[in-house]
Amino acid sequence: RPSADAAFTAEENVIVGNTVLYGATAGKAFFGGLAGERFGVRNSGALTVVEGLGDHGCEYMTGGRVVVLGPTGLNFAAGMSGGIAYVLDVDGAFRSRCNTELVGFDEITPDEALELRTWIGEHAERTRSSVAERLLGDWDLALGRFVKVMPHDYKRALTELAAQQGRPE
């Protein structure tokens, strides 16, 4: 996060550059502001929350979770084969900026909604994010604006695994 005496609003400015979390395999990262292009490319295991990002976000992602609390650029999720992204559709046009060749949009389950709220709460705590605080302040409305982005093959693999283990997905 920017320092408390920064002369700019973090949620309106890029605070981390291009290719942040390229190839991340584990851990958590919380960014109180915007990221540049190719955020989370080839992420294979990290959890991250960011307040917006440039073009090609989550490109070739194979695992992990990405939560975007603001705008995205074009070509989101191109080549994404694993993991899940939750994107706040701030302008109602996110789906048109998403590359849907390998991904679709799924409903957020009650368990996922609880996880998502927890991650946004941790983001608020770690970054002092006013964006996160606003979302948490009217959670029911905010939750309805999130889009879950999930690769088709990843969804199928999870469904098959659940069936093998004799439990619902």
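Two strands count as paired here if DSSP finds at least two bridges between them. The views below all show a predicted model.

**View 1. Six strands line up in an open sheet.** The sheet is built from 6 strands in the order β2-β4-β5-β6-β8-β7. The pairing is mixed. At the edges lie β2 (28-31) and β7 (103-106), each of which pairs on one side only. From one strand to the next, the twist averages 20°. In general, strands of a sheet pair through backbone hydrogen bonds, and the pairing may be parallel or antiparallel.

View 2. β4 and β5 run parallel and are joined by 5 bridges. L47 has R65 of β5 as its bridge partner. V49 stands opposite V67 in β5. On to β6: here too the run is parallel, and 5 bridges join β5 to β6. V66 has its bridge partner in β6, at A85. How many of the 7 residues of β5 are buried? The count is 5, so β5 is largely enclosed by the rest of the structure. In a regular strand, side chains alternate between the two faces of the sheet.

View 3. Just after the helix comes G166, with a positive phi of about 70°.

**View 4. E51 and H123 meet side chain to side chain.** E51 sits in the loop between β4 (44-50) and β5 (62-68). H123 belongs to helix α2 (residues 110-127). Their side chains are joined by a polar contact of 2.9 Å.

**View 5. The surroundings of E51 and H123.** Neighbours within four places in sequence are left aside for both residues. E51 is in contact with E11, F31, G32, G33, L34, L69, G70, P71, H123, S129 and V131. A10 is 41 residues from E51 along the chain, yet their C-alpha atoms are separated by 8.7 Å. H123 is in contact with F30, F31, G32, V49, E51, L69, R128, S129 and A132. F31, G32, L69 and S129 are among the contacts of E51 and also among those of H123.

View 6. N43 is placed in the loop between β3 (34-35) and β4. Its relative accessible area is 1%, so N43 is buried. A polar atom of the N43 side chain lies 2.9 Å from the backbone nitrogen of A46. Where does the rest of the chain come in? Leaving aside neighbours within four places in sequence, N43 is in contact with L21, G23, A24, M61, T62, G63, G64, R65 and V66. T25 is 18 residues from N43 in sequence, and the two C-alpha atoms are 6.4 Å apart in space.

**View 7. C58 and C98 are not bonded to each other.** How many disulfides does a search of the whole structure find? The search finds 0. For C58, the nearest cysteine sulfur is that of C98, 8.9 Å away. C58 is buried, with a relative accessible area of 0%. C98 is buried too, at 8%.

Note on methods. Residues numbered from 1 in each chain as written. Predicted model: local features only at pLDDT ≥ 70, side-chain atom pairs only at ≥ 80, totals over all residues. Heavy atoms only, no water. Helix = DSSP H or I, 4+ residues; strand = E, 2+ residues; numbered from the N terminus. Contact = heavy atoms within 4.5 Å. Polar contact = N/O pair within 3.5 Å; in protein donor to acceptor, adjacent residues only side chain to side chain. Disulfide = S-S within 2.5 Å. Buried < 20%, exposed > 50% of the residue type's maximum accessible area, 1.4 Å probe, protein only. Axes fitted to C-alpha atoms, helices over the stretch in contact; angles between N-to-C directions.
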